[in-house]
Amino acid sequence: MARVLIAEDVAEMREAMQIVLEGEGHEVVLAEDGVAATERLSAGDYDVAVLDIWMPKKGGLALMKEITETHPELPVIIVSGGGPDATLENVTAVADLYGALRVLYKPFDDEELIEAVREAVDA
């Protein structure tokens, strides 16, 4: 199974994704924002990263850009429910530009997350 980094500022969402993925046998490491995710990335290896777009301190797109430079082999799944500065269409376009494997729109089904992680691991 995979080692998954989840960077999500909403605790309930972070924990829900953790429960779903651990239920599938994955090891999950949590980060509450982009800065914490950067620290966790430097401390270990991951098979996939799941990043929320809108987080304090460092958002998901800035984190994704950093990942493409420092961990180019790491597949990234973006999750977003929209936000104050850009439409979902704009977020998707930027995520695609940076090489996101998949963009999931909140609220998404457990199966969508499981399938996206499976696709990332198989990539």
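1. **Before you start.** This is a predicted model, in which local features need pLDDT of at least 70, side-chain atom pairs count only at pLDDT 80 or more, and totals for chains, interfaces and linings use all residues. Residues are numbered from 1 along each chain as its sequence is written, and side-chain values use heavy atoms, with hydrogens and water left out.

2. **Strand E1.** Of its 5 residues, 4 are buried, so the strand is mostly covered (buried means under 20% relative accessible area, exposed over 50% and partly exposed in between, with a 1.4 Å probe and protein chains only).

3. **Its partners.** E1 pairs in the parallel sense with E2, residues 27–31, over 5 bridges (two strands pair if DSSP finds at least two bridges between them). Within this pairing, Ile6 has Leu30 of E2 as its bridge partner. E1 also pairs in the parallel sense with E3, residues 48–52, over 4 bridges, and there Val4 stands opposite Val48.

4. **An arginine over a ring.** Look next at Arg3, whose charged end sits over the ring of Tyr46, 4.5 Å from the ring centre. The criterion is that NZ of Lys or CZ of Arg is within 6 Å of the ring centre and within 35 degrees of the ring normal.

5. **Helix H4.** Which residues of H4 (residues 88–98) are buried? They are Val91, Thr92 and Ala95. These cover an arc of only 100° around the axis, which puts them on the same side of H4 (the arc is that of the directions from the helix axis to the C-beta atoms). Glu89 and Leu97, on the other side of H4, are exposed. The buried residues pack against helix H3 (60–70), strand E4 (76–80) and strand E5 (102–105), where contact means heavy atoms within 4.5 Å. Gly99 follows H4 and has a positive phi, near 95°.

6. **Two backbone details.** Most residues other than glycine have a negative phi, and most peptide bonds are trans. Lys57 is not a glycine, yet its phi is positive, about 70°. Lys57 lies in the loop between E3 and H3 and, at 70% relative accessibility, counts as exposed. The peptide bond from Lys106 to Pro107 is cis, with omega near -5°; Pro107 is found in the loop between E5 and helix H5 (110–122).

Key: Helix = DSSP H or I, 4+ residues; strand = E, 2+ residues; numbered from the N terminus.
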